Amino acid sequence: ALRLAAREWRTTFDAIGDGVAVLNRNATVMRCNKTLTGLLGKGFKDIIGCDAHALMHAGKIQQENEKCSIQAMFETSRREKRIMNIDSRWFSVVVDPLFDERKHLIGAVHIMRDITEQKKIENNLIEETKFIESIVETAQALIVVLSRDFGVIGVNTFCENTLGYKRDEIIGKPWIGHFVPLDYQEELKKILTNCLAGTKIKGHEIPVLTREGAEVFISWHSAELKNAAGENIGIVSMGYDITQRKEIEKVQRLAQLGTLVSHMAHEVNNPLMIISGRAQIALAEKIENKEVERDMQVIINECQRAKDIIQRLLRFSRPSKGEIKLVDINQALDEVISLVEHQFGLANVRLGKNYQAGLPQVLADERQLHEVFMNLLTNAKDAIENEGGIEITTTAENSQVIIRFRDSGAGMSKELISKVFDPFFTTKEKGTGLGLSICYSIIKTHGGELQFESEPGKGTTVTIVLPVEQETVN
Ligand code: ADP
Ligand code: MG
């Protein structure tokens with residue numbers, strides 16, 4: 001019966017699909033099953049009685065390391081799993097302590113399984129992941145991965161750099177609330193919601209808010225993100241910085257319009273000259289009918305008005321032409337103010353001046369500057385509904401003259417600010433929408449900057465920065 005039991009035990013032991021080795025306290029192999037002989041490619045007699053470490057490892061260093069950890073295992077009597085590499089094959093080994101009936105540690109049981117194939121798949125996966133990672137990291141575009149509730153799951157380095165935050169300051173935060181300017185949050189929420197519903201959205205232009213509070217315009221492509229099971233787990237957005245493109249577009253639009261306008265102006269100018277010329281000739285004759293005489297005068301006056309408008313348009317299309325001389329900005333402002341003061345007073349708009357004395361003179365076309373100041377003052381007045389004030393400040397800083405017009409008017413949203421320089425953009429019933437386009441092109445040709453800061457309901461500040469020293473004005 002004993003022999004039978006022993007044989008039965010042996011058969012069972014060998015039938016185990018994993019390699020099993022029983023070690024004594026010195027890590028000498030006392031027993032092993034047949035599967036282990038297969039795994040190691042050795043016979044029973046090459047295994048039994050051998051040192052377990054020597055058996056498992058070809059490399060000496062690895063052997064030493066292994067010895068240490070196996071000893072540690074004996075000391076702590078813990079179950080331990082490890083992965084080892086023998087002759088370019090991979091094995092997972094589970095080590096369990098072995099006790100006798102009196103709970104004395106007498107050795108260990110090693111259970112080994114060949115996991116080379118699994119390891120290969122893992123390695124391929126790692127390779128693939130690394131490959132994708134390197135693409136994501138090299139891309140000269142922002143890549144943002146969002147969860148279903150628009151929290152940031154991942155970003156690439158380009159996105160970190162654009163935002164000016166480190167990755168761990170971005171991940172986990174709500175994307176819309178943290179990195180998108182207030183004025184665009186609703187719009188983006190709608191876009192992303194559509195995106196989650198499966199719509200691919202291309203070319204939506206939404207700025208990001210950087211650490212410094214600047215807005216960088218980005219053109220985004222967004223699509224839903226699916227896991228291997230095909231479940232929608234979030235959104236991937238890829239974005240390109242288009243600040244420069246926007247700037248170029250604006251200048252191009254202005255230039256195109258300028259060309260168009262100057263052609264048109266000349267076409268219209270000729271018939272106008274003829275009309276007013278004929279009216280003048282008629283007027284030079286003695287006209288009996290007083291009414292006809294008055295009509296002639298109206299024709300001449302209106303022709304003059306039309307010519308003035310055309311002059312304005314021409315100036316806008318060719319703001320570079322003009323008489324360049326040294327201009328005292330404070331004085332130029334005063335000249336314009338004296339023209340509007342009375343009218344503004346009637347409209348309950350107070351004008352405040354805060355000039356820096358002895359401002360350096362600026363090389364400029366004075367008439368064009370007058371026009372800019374006039375436009376900005378008129379806009380400020382138009383923005384004030386019942387009563388309010390406009391404060392005009394001048395300062396000089398780092399060889400620049402800075403002129404500010406601060407009004408207490410209705411203010412403008414960011415979206416409005418982004419449109420005001422577009423020719424013909426107006427929110428006024430009788431507006432031409434040309435005022436700011438003209439200002440913009442005049443200030444640009446003077447090598448300066450024109451900036452808007454505004455808060456709806458609180459008013460607007462328009463800042464003109466003009467360089468003091470300018471070699472050439474073209
Ligand atoms: P227009 O004055 O003929 O409308 P502009 O180019 O001068 O054309 O201005 C364009 C638009 O910009 C205005 O219609 C107005 O909506 C807005 N705007 C300009 N200046 C201000 C301001 N100071 N405050 C509020 N809105 C302004
Ligand atoms: Mg205007």
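A polar contact is a pair of N or O atoms within 3.5 Å, where, within protein, one atom must be able to donate a hydrogen and the other to accept it, and residues adjacent in sequence count only if both atoms are side-chain atoms. In this predicted model, local features need pLDDT of at least 70 and side-chain atom pairs count only at pLDDT 80 or more, while totals for chains, interfaces and linings use all residues. Residues are numbered from 1 along each chain as its sequence is written, and side-chain values use heavy atoms, with hydrogens and water left out.

Such a contact lies at the start of H14, where a side-chain oxygen of Asp365 reaches to within 3.1 Å of the backbone nitrogen of Arg367. Helix H14 itself, a DSSP run of H or I with at least four residues, numbered from the N terminus, covers residues 366–383, and its 18 residues reach 26 Å from first C-alpha to last, close to the 26 Å expected at 1.5 Å a residue. Its buried residues (under 20% relative accessible area, 1.4 Å probe, protein chains only) include Leu369, Phe373, Leu376 and Ala380.

Of the 17 residues around the ligand, the closest are Thr426, Thr427, Lys428, Gly433 and Leu436, where near means a heavy atom within 4 Å. An oxygen atom of ligand 1 is 2.9 Å from a side-chain N or O atom of Asn379, and an oxygen atom is 2.7 Å from one of Lys428.

Methods. Chains are lettered from A and ligands numbered from 1 in the order in which they are written. Helices (H or I, at least four residues) and strands (E, at least two) are DSSP runs, numbered from the N terminus. The expected span of a helix is 1.5 Å times one less than its number of residues. Buried means under 20% relative accessible area, exposed over 50%, partly exposed in between (1.4 Å probe, protein chains only).
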